[in-house]
Amino acid sequence: MYFDYYYLVLVVPTLILSLWAQFMVKSTFAKYSKIACARKMTGQGSAALLLKANSISDVKIESVDGSLTDHYDPSSKVVRLSQPVYNENSITAIGVAAHEAGHAIQHATRYGPLVLRSTLVPVANIGSRLGPWIAMAGLFLSMPLLLNIGIILFAGAVLFYVITLPVEFDASARAIAILRENNVLTQEELKGVRKVLTAAALTYVASTLTAMMSLLRLILLSRSRRR
């Protein structure tokens with residue numbers, strides 16, 4: 001029976017980290033969803049504040065169904081906020097909405113990593129879906145060319161994950177800076193927003209590490225089969 005030592009040592013720890021990150025997001029979001037902003041600012045108001053502070057007038061803010069469905073759509077120039085975020089004045093709602101507005105600001109200013117990430121979307125989609133399967137097929141069929149194609153495709157997806165990190169960190173940094181500069185939150189509330197956004201960032205870090213370790217596993221398996 002074949003035992004995948006590399007998967008156990010490299011990938012499993014990052015999967016455990018991902019589960020922990022998801023737990024942290026849920027618990028942190030739940031905690032700060034119960035704490036209201038003293039000035040009664042809603043998620044919608046938070047996003048509007050960031051856009052106004054950057055003189056952005058062509059981006060809409062809309063409410064969408066679901067939970068954790070918040071995102072910025074660059075093709076339509078719309079910040080879409082889930083109903084709990086759009087309508088509520090909790091610390092979580094303000095932080096999440098401000099973060100998504102941060103992406104709109106990145107788009108308006110053509111933030112370099114965001115532009116690069118956008119160009120990699122087709123490569124990432126193909127690489128993440130097909131790359132590992134093609135690589136594993138190459139391994140079991142002893143076809144080095146097929147294996148290398150799979151690794152290269154998946155490497156493109158991993159690059160997308162890596163570039164996503166500065167995009168997400170920068171959006172959160174913009175959000176916190178503008179909220180602080182406009183004095184709409186107390187220092188304690190800002191700390192709460194920072195904790196919410198840090199918890200969310202952990203999920204991106206965990207996903208990136210999982211992708212990187214999965215790529216390293218494929219490379220090491222490739223080398224071991226060539227010996």
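Reply: The largest pocket has a volume of about 760 Å³. A pocket here is an open set of points on a 1 Å grid over the protein atoms alone, where a 1.4 Å probe fits, with protein on both sides within 12 Å along at least five of seven lines; lining residues have an atom within 4 Å of a point. The volume is the space filled by probe spheres set on the points. The model is predicted, and local features need pLDDT of at least 70, side-chain atom pairs count only at pLDDT 80 or more, while totals for chains, interfaces and linings use all residues. Residues are numbered from 1 along each chain as its sequence is written, and side-chain values use heavy atoms, without hydrogens and water.

Of the 30 lining residues, His99, Glu100, His103, Glu168 and Tyr204 are the closest to the centre. At least two residues each come from helix H1 (5-33), strand E2 (71-73), H4, helix H5 (112-140), H6 and helix H7 (187-226). These elements are DSSP runs numbered from the N terminus: helices (H or I) of at least four residues, strands (E) of at least two. By class, the lining has 14 nonpolar, 10 polar and 6 charged residues, with Ala, Val, Leu, Ile, Met, Phe, Trp, Tyr, Cys and Pro as nonpolar, Asp, Glu, Lys and Arg as charged, and the others, Gly among them, as polar.

His99 and His103 in H4 also belong to the residues that meet H6, where Glu168 is one of the partners; contact means heavy atoms within 4.5 Å.
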